Amino acid sequence: MFRKNYILATTMLACSLIAVPVSAQDSNTAETGKANAPQQAPAFENQTRAPLPENQPRVEMKVIAKDLPHLWAMEFLPDGRMLVTAKEGAMHIVSQDGSAVSEPIEGVPEVASAGQGGLLDVALAPDFETSGMIYFSFSEPRQDGNGTSVAAAKLVEVDGGAKLEGVTTIFQQTPSYDGDKHFGSRLVFGPQGELYVTVGERSDAEVRTGAQDLASGFGKVFRIDTSGKAIEGNPFVATDGALDEIWSLGHRNVQAAALDGQGRLWLVEHGPKGGDELNRPEAGKNYGWPEVTYGIEYSGRAVGDGITSQQGTEQPVYYWDPVIAPSGMAYYDHDLIPEWKGAFLIGGLVSQGIVAVHMDGDRVSHEGRLDLEARIRDVKVAPDGSVFAVTEQRGGGNSTIIKITNAT
C-alpha cells in the first residue's frame with residue numbers, strides 16, 4: 001500500500017462533504033480578471049468571456065483519496081476502480097472508494113520526468129474487457145534527447161498486484177529534442193477505434209515553429225491505429241515529406257482532449273500569456289501557432305507579428321485571457337448533475353478548479369466555474385455521472401482525487 005504523511009492543502013474540502021454553488025461571481029462572466037492583451041478583439045460573439053449559465057448546480061465535493069504521488073491522469077476500469085499514472089513513472093490502481101491504493105504496477109518503462117515530462121496519459125483499449133490492453137503516453141528518454149511516445153501493453157492482475165505484459169512502444173513523436181517542456185499529451189479513442197494523440201511543440205523559440213512543419217511531429221494531433229500506423233484517409237498521406245500520422249497542425253501544447261456526444265474530437269490547448277484555446281480539430285486544418293494566436297509572450301512582447309487571424313488558419317472556438325491553464329477534459333452527458341449536461345468540463349491548473357463550457361451547436365454559449373482551490377490535472381466522469389478531479393501541487397508533491405456529485 002502506497003501512503004505518505006500529507007496535509008491537505010485545500011482545507012475547504014478536507015474529507016467531508018461540502019455543498020457549494022458552482023459560481024458566485026458578481027460579474028455576468030466567470031472570468032473577471034484583467035486581460036493580458038486587451039487590445040485583441042474576439043472574432044465573433046462569445047468567443048471569449050461568455051456569460052454565466054442561468055442555472056448553476058449545487059454540488060457536493062469529497063476527497064476520496066489523498067496521500068497519492070504526483071498524479072497526471074486517471075481512467076476508470078470497468079469495475080469502477082481507477083487506473084492512475086504518476087508523473088515520476090508509476091501506475092497504481094485505486095479502489096472505488098479511494099481507501100486502497102495498489103503497489104506500483106510492474107513493467108512501466110523509464111520516463112524522462114524532468115520539468116513537464118513524465119508518465120502522462122492512459123486510455124483503455126475499446127475492447128479492454130476482453131483484451132486487457134491499455135495505451136499510455138510518456139516522455140521517452142532517447143539517445144538524442146527525448147520526446148512524447150505512446151506504448152501499448154496488457155494489464156494483468158495477479159496475486160493481489162498488477163503488471164504490464166508485452167509493453168511495446170507503438171508511436172514516437174519525432175524529431176527528438178533535448179528539452180523538458182510541452183510534451184502534451186492526451187490519448188482519445190474515436191468511435192471507430194482510431195487513436196488520437198496530442199502533443200506539444202516543445203516550447204523553445206528555436207523549435208516551436210515545427211508546429212507549422214508537416215515534416216515535424218511538434219505541435220500536432222495524430223490519428224493512428226492501435227499498432228501505431230497512420231489511418232487510411234489521414235489528410236497528408238499523399239503530401240511529399242509530410243508525416244502520414246498527422247491529423248491537424250498549428251497546436252501549442254495540448255493537455256486536454258475529449259469526444260463530444262457525436263463522437264467528435266475536441267481539445268483545449270495551453271496558449272501563451274493569454275490565449276488558451278478550445279478547438280475542434282478537423283482533418284488537415286491549421287490552428288495557427290506560433291504565427292497566429294491570442295495572448296502575448298511571457299515577456300510581454302507580441303507573439304510573432306501579434307496577429308490573431310490569418311487566411312489558411314482556423315479561429316479558436318473559444319479562448320481565455322487570462323489563461324485557465326487547461327489539463328484534463330471530459331464531456332458531460334449524464335443526468336446526475338443536469339445543469340452540466342452537454343457541457344465540457346475542463347481542469348484548470350491556474351484557475352484551480354473545473355471550467356464548465358456550455359455549447360450551442362459548435363459555439364460556446366456560457367461558461368461557469370467550480371472553484372476547488374487546487375490545481376486540477378485531470379477530469380473524468382464516472383459511469384454513475386459523478387465527476388472526479390485529480391489535483392496536483394505546483395512543482396511536485398502529492399495529489400488527491402475529489403468526487404463531485406449533485407447536492408440537491
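Predicted model: local features only at pLDDT ≥ 70, side-chain atom pairs only at ≥ 80, totals over all residues.

Reply: Let us begin with the term itself: a strand, written E, is a DSSP run of at least two residues, and strands are numbered from the N terminus.

Me: How many helices and strands does the protein have?

Reply: There are two helices and 24 strands in the protein. Its radius of gyration is 20 Å, close to the 22 Å that the globule rule gives for 408 residues, and the protein is therefore as compact as a globular protein of that length. Taken along the principal axes, the box filled by the C-alpha atoms is roughly 55 × 55 × 40 Å.

Me: What share of the residues counts as buried, and what share of the contacts joins residues at least 24 apart?

Reply: Of the 408 residues, 59% count as buried, where buried stands for under 20% relative accessible area. Among contacts between residues at least 6 apart in sequence, 60% join residues at least 24 apart. As for the surface, the protein exposes about 16,300 Å², of which carbon and sulfur atoms supply 45%. The side chains include 33 positive and 54 negative ones, and the centres of these two sets lie 4 Å apart.

Me: Turning to E11, which way do its side chains point?

Reply: In a regular strand the side chains alternate between the two faces of the sheet. In E11, which spans residues 195-198, Leu195 and Val197 point one way while Tyr196 and Thr198 point the other way, and all of them are buried.

Me: Which strands are joined to E11 by bridges?

Reply: Two strands may be called paired if DSSP finds at least two bridges between them. Strand E10 (residues 187-189) runs antiparallel to E11 and is joined to it by three bridges, with Val188 having Tyr196 as its bridge partner. The hairpin of E10 and E11 has five residues between the strands, and Gly193 takes a positive phi near 85° there. E11 is also joined to strand E12 (residues 220-224), again in the antiparallel sense, by four bridges, and Leu195 has Ile224 as its bridge partner in E12.

Me: How would the reading go for strand E8, and is E8 mostly covered or uncovered?

Reply: Strand E8 (residues 145-158) is mostly covered, since eleven of its 14 residues are buried. Ten bridges join E8 to strand E7 (residues 133-142) in the antiparallel sense, with Ser139 opposite Thr148, and the hairpin that E7 and E8 form has two residues between them. E8 also pairs with strand E9 (residues 161-172), antiparallel and over nine bridges, where Ala152 stands opposite Thr168. The hairpin of E8 and E9 likewise has two residues between its strands, and Asp159 in the turn has a positive phi of about 50°.

Terms used: Residues numbered from 1 in each chain as written. Heavy atoms only, no water. Rg over C-alpha atoms; globule rule 2.2 N^0.38 Å. Buried < 20%, exposed > 50% of the residue type's maximum accessible area, 1.4 Å probe, protein only. Contact = heavy atoms within 4.5 Å. Areas by Shrake-Rupley, 256 points an atom, 1.4 Å probe, with all protein chains shown as cover. Lys, Arg positive; Asp, Glu negative; His and termini not counted. Charge placed at Lys NZ, Arg CZ, Asp CG, Glu CD.
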